[in-house]
Amino acid sequence: MTWVGETDLRAAKGDVAAGIGPIAQAVTNRVFDHVVLLSNYGERKSDVAAFVLWLKQRAATEIEVRHKKLRSPTDYADIYQAVAQAVPEVLAMHGNKTSLTFHLS
């Protein structure tokens with residue numbers, strides 16, 4: 001589970017300064033059965049969709065996007081609530097014995 005960030009979106013658009021971005025670095029260096037992307041880019045869903053297509057070229061795993069509304073990308077109360085809601089939903093989908101990895105960058 002990880003939040004899609006601006007650097008990830010820039011990497012998918014070919015911005016050399018962004019490299020491949022933090023999420024692509026994680027999925028190319030480790031094997032995951034499933035990747036859950038949390039996104040607060042509601043107004044930029046097409047950018048996130050393009051990022052997912054780009055990321056699927058780098059990772060042979062299922063990728064799911066969950067769009068969450070935040071008052072700001074640094075509103076920690078909103079972030080906490082979004083994650084606190086997503087975690088039990090993911091566990092319900094994949095089983096309570098699922099091991100979760102939280103990618104923070």
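Trainee: As I understand the terms, buried means under 20% relative accessible area, exposed means over 50%, and partly exposed is anything in between. Which class does Arg10 belong to?

Mentor: This is a predicted model, and in it Arg10 has a relative accessible area of 29%. That value lies between the two cut-offs, so Arg10 is partly exposed.

Trainee: What does the side chain of Arg10 meet in a salt bridge?

Mentor: The partner is Asp15, with a distance of 2.8 Å from N to O. Asp15 is likewise classed as partly exposed, at 27% relative accessibility.

Trainee: How many salt bridges are there by this rule?

Mentor: The count comes to eight. Some of them join into a network, which links Glu6, Lys13, Arg44 and Asp47. Within it, the side chains of Arg44 and Asp47 meet at 2.8 Å, N to O. Arg44 is partly exposed, with 21% relative accessibility.

Trainee: And which residue forms a salt bridge with Glu64?

Mentor: Arg66 does, and the closest N and O atoms of the pair are 2.6 Å apart.

Trainee: Are those two, Glu64 and Arg66, buried or exposed?

Mentor: Both Glu64 and Arg66 are buried. For Arg66 the relative accessibility is 13%, which is under the 20% cut-off.

Trainee: Where is Arg66 placed, and what does it touch?

Mentor: Arg66 is in strand 3. Leaving aside residues up to four places away in sequence, Arg66 touches Val36, Leu37, Leu38 and Ser39, and also Ala86, Glu89, Val90 and Met93.

Trainee: Turning to the sheet, in what order do the strands come?

Mentor: The sheet is open and formed by three strands in the order 1-2-3, with parallel pairing. Strand 1 (2-3) and strand 3 are the edge strands, each pairing on one side only.

Trainee: How many bridges join strand 2 and strand 3?

Mentor: There are six, in the parallel sense. As one instance, Val35 has Ile63 in strand 3 as its bridge partner.

Trainee: Which helix lies across strand 2 and strand 3?

Mentor: Helix 3 does, running at about 165 degrees to strand 3. Helix 4 (residues 76-94) also packs on the sheet, where it touches strand 1, strand 2 and strand 3. The direction of helix 4 makes about 140 degrees with that of strand 3.

Trainee: How far does helix 3 reach from its first C-alpha to its last?

Mentor: Helix 3 covers residues 45-56, which is twelve residues, and reaches 16 Å. This is close to the 16 Å expected at 1.5 Å a residue.

Trainee: Which residues of helix 3 are buried?

Mentor: They are Val48, Phe51, Val52, Trp54 and Leu55. Viewed down the axis of helix 3, its buried residues fall within an arc of 165 degrees, so they line one face of the helix. On the other side of helix 3, Ser46 and Leu53 are exposed.

Trainee: What do the buried residues of helix 3 pack against?

Mentor: Their contacts are with helix 1 (6-12), helix 2 (21-29), strand 2 (34-39) and strand 3 (62-67).

Trainee: Helix 2, then. Which of its residues are buried?

Mentor: In helix 2 the buried residues are Gly21, Pro22, Ile23, Ala24, Ala26 and Val27. They pack against strand 1, helix 1, strand 2 and helix 3.

Note on methods:
Residues numbered from 1 in each chain as written. Predicted model: local features only at pLDDT ≥ 70, side-chain atom pairs only at ≥ 80, totals over all residues. Heavy atoms only, no water. Helix = DSSP H or I, 4+ residues; strand = E, 2+ residues; numbered from the N terminus. Expected span 1.5 Å × (residues − 1). Buried < 20%, exposed > 50% of the residue type's maximum accessible area, 1.4 Å probe, protein only. Arc of directions from axis to C-beta. Contact = heavy atoms within 4.5 Å. Salt bridge = Lys/Arg side-chain N within 4 Å of Asp/Glu carboxyl O. Pairing = 2+ DSSP bridges. Axes fitted to C-alpha atoms, helices over the stretch in contact; angles between N-to-C directions.
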